[in-house]
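Please look over the model below alongside these comments.

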Amino acid sequence: MNERDTLKINSRGHLEIGGMDTTDITVKFGTPLYVFDERHIRDMMSVYRETIAKEYEGNGLVLYASKAFSCTAIYAIAKQENIGIDVVSGGELYTALKAGFPAEKIYMHGNNKLVNELEFALESKVGTIVVDSYREADLLDSLCSAKKVKQDVLIRINPGIEAHTHEFVQTARTDSKFGFSVADGTASEITAYILSKNNLNLKGFHCHIGSQIFEKQSFVLAVNKVMDFMADIKKTLKYEAATLNIGGGFGIWYNSEDPKLKLNDYADYLKTLIKAVKIKSKENNLNLPYLVIEPGRSIIGEAGITLYTVGAIKEIPGVKKYVAVDGGMFDNPRYALYQSKYTALLANRACEPCTEKVSIAGKCCESGDLIAVDVPLPKAESGDILAVLSTGAYNYSMASNYNRNFIPPAVLVKDGKAEYIVKPQNYEDLVRNDVVPEYLK
Ligand code: LLP
């Protein structure tokens with residue numbers, strides 16, 4: 001099932017996560033429910049941290065890209081694991097600070113950071129801000145000037161590589177809303193511009209080439225492109241970048257089409273990347289940069305599952321069979337958005353052979369509200385517990401209250417015990433911010 005023992009089928013024939021029987025979890029916490037295995041999360045954070053320590057003399061930092069899953073508990077774990085985080089909004093920043101996360105280890109991203117988000121970042125003394133527009137450079141510089149502070153920044157550049165799950169493309173295209181293109185010269189122009197700002201301290205460059213990437217070569221290519229750019233900037237602007245942030249993007253297992261990677265494999269991704277950095281530094285006569293990576297999905301994705309209760313079952317003879325669950329696109333919009341493929345199983349009958357192909361439907365008033373299409377399952381019955389695997393990343397963080405459904409709560413499993421890290425919502429939560437104007441009463 002999973003080499004890291006996050007998931008197991010126990011002697012009762014039930015799915016277990018982090019040493020806990022999922023059916024026991026649902027008795028205590030109900031469904032729908034996100035469940036996370038703490039050990040898996042910590043293992044992933046530490047494999048990256050230790051690889052930088054061992055292979056790069058600790059001259060770098062792992063950031064957990066918290067857009068993958070943001071809540072106070074995850075920042076508390078990241079803090080204990082002694083890694084940094086990346087945040088992309090005032091909301092993520094607020095959540096991290098609320099959890100006591102050290103501001104100096106926070107990198108703030110965003111292609112259109114709001115004035116109040118930049119002010120908030122400065123007030124909280126966020127370590128590094130990744131600048132992604134001229135407007136932001138101007139705004140940040142004047143806010144810093146008013147506050148009499150100097151802010152460490154990186155510039156987001158676009159090295160012209162787009163990577164996807166099983167492929168990457170090199171392109172000189174510059175149609176991304178992110179970053180400044182190396183190919184068309186805008187990356188060097190913004191570099192000169194930021195260097196001219198009195199209140200911005202340019203530490204280096206950032207790039208992120210995509211997500212759910214398995215090909216090592218795409219990361220090597222990104223390193224090569226950015227480090228050639230760094231060499232070019234050193235020559236033309238007499239500026240040598242101290243920091244190289246290569247972003248996130250390592251892939252995870254969702255279904256039979258994906259490789260199942262072990263901890264060692266993730267260490268290997270990083271080792272390959274580090275090797276490329278060392279080679280390029282030598283070749284381009286640059287000092288070894290402080291190396292930052294920002295994995296999100298690979299840290300949290302396989303650590304999480306979603307548990308549902310099967311409700312209505314509907315067969316359209318000769319066409320399709322729907323198994324409906326008590327969740328849907330409001331807790332996992334990834335099929336609706338990207339046709340992402342998930343693995344599902346009956347958690348309470350995990351040993352039984354799959355005898356049919358079904359589509360797992362949610363409970364929203366929308367035909368596209370599906371979690372998985374034509375996936376193998378034993379003959380499901382109402383009341384069965386259905387588990388969807390690898391839902392730790394970009395599920396809760398992309399959830400909504402569509403149809404005024406509750407965003408499911410989340411629990412963290414550790415040492416055979418489960419505890420809430422996100423409590424259940426109630427009806428009152430749904431109307432908390434609603435107002436009926438006087439004239440409508
Ligand atoms: N750094 C930056 C600047 C990013 O934009 C991202 C992801 C990451 C790091 C983390 O990448 P990861 O290691 O998680 O692949 N909602 C989509 C994924 C969007 C990813 C956006 N950026 C999904 O559900 O697949």
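The numbered points below start with the basis of the model and then take each topic in turn.

1. Basis. This is a predicted model, in which local features need pLDDT of at least 70 and side-chain atom pairs count only at pLDDT 80 or more, while totals for chains, interfaces and linings use all residues. Residues are numbered from 1 along each chain as its sequence is written, and side-chain values use heavy atoms, with hydrogens and water left out.

2. The side chain of Tyr394 places an N or O atom 2.7 Å from a ligand oxygen. For Arg297 the polar atom belongs to the backbone, 2.8 Å from an oxygen of the ligand. Lys67 uses a polar side-chain atom, 3.4 Å from a ligand oxygen. Taken alone, the ligand exposes 590 Å², and the protein buries 85% of that. These areas come from the Shrake-Rupley method with a 1.4 Å probe.

3. Where does the ligand sit? Its space is the largest pocket. On a 1 Å grid over the protein atoms alone, a pocket is an open set of points with protein on both sides within 12 Å along at least five of seven lines. A molecule sits in one if more than half of its atoms lie within 2 Å of its grid points.

4. N-terminal strands. Strands are DSSP runs of E, at least two residues, and helices are runs of H or I, at least four, numbered from the N terminus. Two strands pair if DSSP finds at least two bridges between them. An open, antiparallel sheet has three strands in the order β1-β2-β3. β1 and β2 (residues 15-17) share three bridges. Lys8 has Glu16 as its bridge partner in β2.

5. Strands around β17. β16 (residues 304-316) and β17 (residues 320-325) are antiparallel, with five bridges. Val310 is bridged to Val325. Three residues lie between the strands of this hairpin, where Gly318 has a positive phi near 75 degrees. β17 also runs parallel to β19 (residues 356-361), over three bridges. Tyr322 stands opposite Ser359 there.

6. Backbone details. The peptide bond joining Thr31 and Pro32 is cis, with omega about -10 degrees. Pro32 lies in the loop between α1 (22-29) and β4 (33-37). Lys238, a residue other than glycine, has a positive phi near 55 degrees. Its loop runs between α8 (216-237) and β14 (243-245).

Conventions:
Polar contact = N/O pair within 3.5 Å; in protein donor to acceptor, adjacent residues only side chain to side chain. 1 Å grid on protein atoms, 1.4 Å probe; cavity = no way out; pocket = protein on both sides within 12 Å on 5 of 7 lines; lining within 4 Å.
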